[in-house]
Amino acid sequence: MGKIEWAMWANEQALASGLILLAGGIVGVAGQFRGWEFAAYAVAAGVFVCLLEYPRSKRAKGTSVERSGQYCFTVCVKAFGPLTRNYYVRAFLHAAICVPGGFMLATVLGCVCLGIASLIYLAAAIRGEHWEPILPRKDVRKPVAESIKNPPQNPPPRPPPETRRKQAKDLEGAAYDNPSSVTDD
Amino acid sequence: MGNKIVNYGVPSFIIVVWMGINIFLFVWYYLFYDRGDNFFYTRHLLGSALAWARAPAAVLNFNCMLILLPVCRNLLSLIRGSLMCCSRTMRRQMDRNLTFHKLVAYMIALMTAIHMVAHLLNVEWYNNSRQGVYDELSTTLSDLADMENTTYLNPIRTTNLNPQQIPLYFAFTSIAGLTGIIITLALILMITSSMEVIRRSYFEVFWYTHHLFVIFFAGLVIHGIGGIVRRQSNMEEHNFTLCKDQADDWGKIPECPNPEFEGGPAATWMWVLGPMIIYAAERLLRLIRYVQNVQYRKIVMRPSKVLELQLVKKGFKMEEDFFSVHIRSAGDWTDKLIEIMQKLPEGAQGPKMGVDGPFGTASEDVFDYEVSMLVGAGIGVTPFASILKSIWYRFKDNDPKLRTRKIYFYWLCRETHAFEWFADLLQLLEKEMEQRGLWDFLTYKLFLTGWDQSHADHVMVHFDEDTDVVTGLKQKTHYGRPSWDKEFEQVRRDNPASVVGMFLCGPAALANVLEKKCGKYSDVDPRRTKFYFNKENF
């Protein structure tokens, strides 16, 4: 398992945890459970985790597969710079976020799942991985060379005298018109 | 529409039957718990959340039984082999085992979610009843405890903790709660590590994490032994219609003794025990095969970073005296293997090798079709190389069981060196066909998909030669990807009223294309050609 990017699995796990936290929170709030405040927190935390984890990171090696419609999220997450790039930060962030979920049954599963995701992110951070945005590649077109704008002023070199004599008999056929203007007007 | 029936008719039928059973189980158990009189008092405390928890539980029992079966490869090979005489259609369903496994897994995930949400509501309402928040009947019911002449209904017995913490306490101290949380966690980890992205990139993460299924099944079997789903057991003595409004007289008046409750027995083991035993037998067989001795006959490095191992194992039925494995370098594991093999001295034995199988797969059916189209992309050509060798042997022995009249073989490769893996085999076959005057039997086309100008120049110079510059074969190499429409048209033209088997071993993108073409060019009309699509998975 030498070349695994643990962050990829951590990302899947964290996204799932966000959804589970969100679901548990919704049940807690909708059912007006005791400790529904924790459930309300879980709804907000779940949404936050989902938004943070939705854009996949670019892989260090190999092709990256992005999630559909992730470009907007990528831009938002990228805006936070080192906070989102560094996986140590993410690991501790997830560990901190998951703690209040542990105080209520409806959200405890989300808490544990997020805790596991935090541990996998820690492993990824220790191995030196970091988050890279997947941005669309801009094809840089080579700038148009200057020589196109200035066509040659002189006519092309003529064929050798032997063949030229044939053309002299047929003057009409030998002449030609430039199909387009060769001057800058 | 007709051509869709050819390829998708039976699988769709199987899915419909499976879904039908799921729906039936859900509705049946929902009504059982929602209408049953012996659950009247339970429903008074829980409402319809009782039925909403029990119905998915039944569907879960059914699907947990099914999920192990599609990955019992020896069982599937056995079924496939026993159907060799009869139905090719049923045999083809065995090839879709992984798709079915995933479908059942999704259903398990969905039902787990519903089951869990319903139980969250149950625990909360049981807790509230115990705290006396609801009406008198609820409080009286909740007070019934396991004493001399009463049995409990409400599984939450604690009252001396902070009421907000009681649901958590109950979940972690009851068997059902604890096992439920553990196995749901195992399920979530299994699912996140089986996402396609993870599976394709780091198979080992997927493989090792998936073994959490052991914990899943162990927990599942003991999940229900606490018997906390309570039903009334003394319906005769205590008539709930009469007594429900006289809760404070229970036990004091003769017509309303205390209602007695019993837990429903754990039933999951009855569903999953069979498949668990079958799967355990599979793994035992795998272990036995691992221990059996495998000798290396030869270790060869082929061009394009492909390792060929020629192995011998006792008891393996082979047409030659060895079988060979081609391994392409595709990541850190394969690179390490190739490195180890290259460092070995000449003639030495390689590292300990265990060989599992043989398993029947889709390509077994090649000889069962009158016409077969074999498409191998890159290293995916290996199963077909084995088939071509088999053809050569059957030809030599004039095997009467050979039903095939015609084989079209397409080999797609990115670089020229790859053709060298099997060029000698193809040359051998070419010679054999020529000798017997049977040019018609095998038509093979090689496609070099990664050509450039230097290739084109080279070909132009050697255009008039008899043999191909790349392979040395009489059949010229084609450049670029095949035009599948043209190929299918040709096969259809040459073989009217035939059943054609298309076999692919290659990337998923190509599989989609070919599957669609099979659908497009098939016709239910028996006078026209039918294409059946088969895929090798690895």
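How far apart are the end C-alpha atoms over residues 38–54 of chain A, and what percentage of the chain is helix there? The end C-alpha atoms are 24 Å apart, and the stretch is 94% helix and 0% strand.

## Basis of the model

This is a predicted model, in which local features need pLDDT of at least 70 and side-chain atom pairs count only at pLDDT 80 or more, whereas totals for chains, interfaces and linings use all residues. Residues are numbered from 1 along each chain as its sequence is written, chains are lettered from A and ligands numbered from 1 in the order in which they are written, and side-chain values use heavy atoms, with hydrogens and water left out.

## Chain A

Chain A contains eight helices and zero strands; helices (H or I, at least four residues) and strands (E, at least two) are DSSP runs, numbered from the N terminus. Of its 185 residues, 37% count as buried, where buried means under 20% relative accessible area, exposed over 50% and partly exposed in between, with a 1.4 Å probe and protein chains only. The accessible surface of chain A is about 11600 Å², and carbon and sulfur atoms account for 64% of that area; such areas come from the Shrake-Rupley method with a 1.4 Å probe, and for residues only the protein chains shown count as cover. Among contacts in chain A between residues at least 6 apart in sequence, 74% join residues at least 24 apart, a contact being heavy atoms within 4.5 Å.

An unreviewed UniProt entry places the feature "transmembrane region" at residues 38–54 and 91–124 of chain A. UniProt positions are given in the numbering used here, feature names are shortened, and annotations may be inferred rather than shown by experiment. Over residues 91–124 of chain A, the chain is 82% helix and 0% strand, and the end C-alpha atoms are 9 Å apart.

## The six-stranded sheet of chain B

In chain B, six strands form an open sheet with parallel pairing, in the order β9-β8-β7-β6-β10-β11. Its edge strands are β9 (478–479) and β11 (530–535), each of which pairs on one side only. Two strands pair if DSSP finds at least two bridges between them. Strand β7 (residues 406–413) and strand β8 (residues 442–448) of chain B run parallel and are joined by seven bridges. Within this pair, B:Leu446 of β8(B) stands opposite B:Trp411.

Helix α19 (residues 484–494) of chain B lies across β6 (371–377), β7, β8, β10 (499–505) and β11, at about 170° to β7(B). Helix α20 (residues 508–521) of chain B lies across β6, β7, β10 and β11, and runs at about 160° to β11(B). Axes are lines fitted to C-alpha atoms, for helices over the stretch in contact, and angles run from 0 to 180 degrees between N-to-C directions.

Eight bridges join β3 (residues 294–302) to β4 (residues 306–313) of chain B. The bridge partner of B:Met301 is B:Leu307 in β4(B), and that of B:Arg302 is B:Val306. Strands β3(B) and β4(B) form a hairpin with three residues between them, and B:Ser304 in the turn has a positive phi of about 60°.

In helix α7 (residues 136–143) of chain B, the residues B:Leu137, B:Ser138, B:Thr140, B:Leu141 and B:Ser142 are buried. The buried residues of α7(B) pack against α2 (40–46), α6 (97–130) and β2 (261–263) of chain B.

## Backbone exceptions

Most residues other than glycine have a negative phi, and most peptide bonds are trans. A cis peptide bond, with omega about 5°, joins B:Gly357 and B:Pro358. B:Pro358 lies in the loop between α15 (332–343) and β6 of chain B.

Positive phi values also occur in two loop residues. A:Gln32, with phi near 50°, lies in the loop between α1 (6–30) and α2 (36–53) of chain A and is exposed, with a relative accessible area of 67%. B:Ala497 has a positive phi of about 55°; it is in the loop between α19 and β10 of chain B and is partly exposed, with a relative accessible area of 43%.
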